[in-house]
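Let's take a walk through this structure together, starting with the whole chain and ending with a few side chains. Keep the viewer open as you read.

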Amino acid sequence: RMLQGLSVGGQLVSSLVYTCENNPPDQMGFYGSLVGSGANFGTLLGSVVAFLLRKNLDPLQLRVWGWRLPFISGILVTSCGVYLKYYCDDEAFNRLHPEGTTCPNPIKATFKKGNRVELLAASLIPMLWAGGFYISFVWMATFMGELLQPPVPDAFFVNSLSLLISVCLFFPVAGSLADTFGKRNIMLIGAIGL
């Protein structure tokens, strides 16, 4: 599970950078939001699968073999990643680093003295989002279904619907607003709201 998390985290950022660099800079908010929306559709799919498994399997079946089904089905998603890795060209990278040129050491460039504010922002902003996201859409389903008395009927379905409306469908709207009114302004409104 830890390796899955690390690979997802690495691929998400890579796909975000790839998408933003290969689209018009004045629409970076919108195109970047599509990556976030797509990633959250994956979380939504997981939530729907959890709902269906809980609805169709008894607790013993779920504990013995049912929990393995989502992990096994994750293998199917791998084909998309393999396709993207081997069949999509990174035009932006090739423009910046033509064949035959060497790339600077990215770790050394990242930790240069002039990048400290950006590094701090790049750490704190995802922490705010991740904390709010996991409380709202990962822990909340368990809380509503197992810890709250009386439990919320079909808590995973309620959680899935909330995720669909508030994140998956709204991300592109927020991305477009960021392109129109400025990324910093929209991020500030979101952070205060969260």
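The paragraphs below go from the overall fold to the aromatic rings and then to one serine.

A word on the source: this is a predicted model, in which local features need pLDDT of at least 70, side-chain atom pairs count only at pLDDT 80 or more, and totals for chains, interfaces and linings use all residues. Residues are numbered from 1 along each chain as its sequence is written, and side-chain values use heavy atoms, with hydrogens and water left out.

Start with the chain as a whole. Its secondary structure consists of 10 helices and zero strands, where helices (H or I, at least four residues) and strands (E, at least two) are DSSP runs numbered from the N terminus. Of the 194 residues in the chain, 17% are buried; buried means under 20% relative accessible area, exposed means over 50%, and partly exposed is in between, using a 1.4 Å probe and protein chains only. The chain exposes about 14,300 Å², with carbon and sulfur atoms supplying 71% of that area, as computed by the Shrake-Rupley method with a 1.4 Å probe. Among contacts (heavy atoms within 4.5 Å) with a separation of 6 or more, 61% join residues 24 or more positions apart.

Now for the rings. How many aromatic pairs does a search of the whole structure find? It finds seven, counting rings of Phe, Tyr and Trp (its six-membered ring) whose centres lie within 6.5 Å; planes under 30 degrees apart are stacked, over 60 edge-to-face, and the rest tilted. One of them joins Phe 133 and Phe 137, a tilted pair at 5.3 Å centre to centre with 50 degrees between the planes. Both residues sit in helix H7 (residues 116-147), four residues or about one turn apart, and both are buried.

Helix H7 also holds Trp 139 and Phe 143, again four residues and about one helical turn apart. Their pair is stacked because the planes meet at 25 degrees, with ring centres 4.9 Å apart. Trp 139 has 43% relative accessibility, so it counts as partly exposed, and Phe 143, at 25%, is partly exposed as well.

Ring pairs also build a cluster, linking Trp 129, Phe 133, Tyr 134, Phe 137 and Phe 171. Phe 171 leads us to our last stop, Ser 37, which touches Cys 168, Phe 171 and Pro 172, leaving aside residues up to four places away in sequence. Ser 37 lies in helix H2 (residues 28-56), and its 6% relative accessibility is why it counts as buried.
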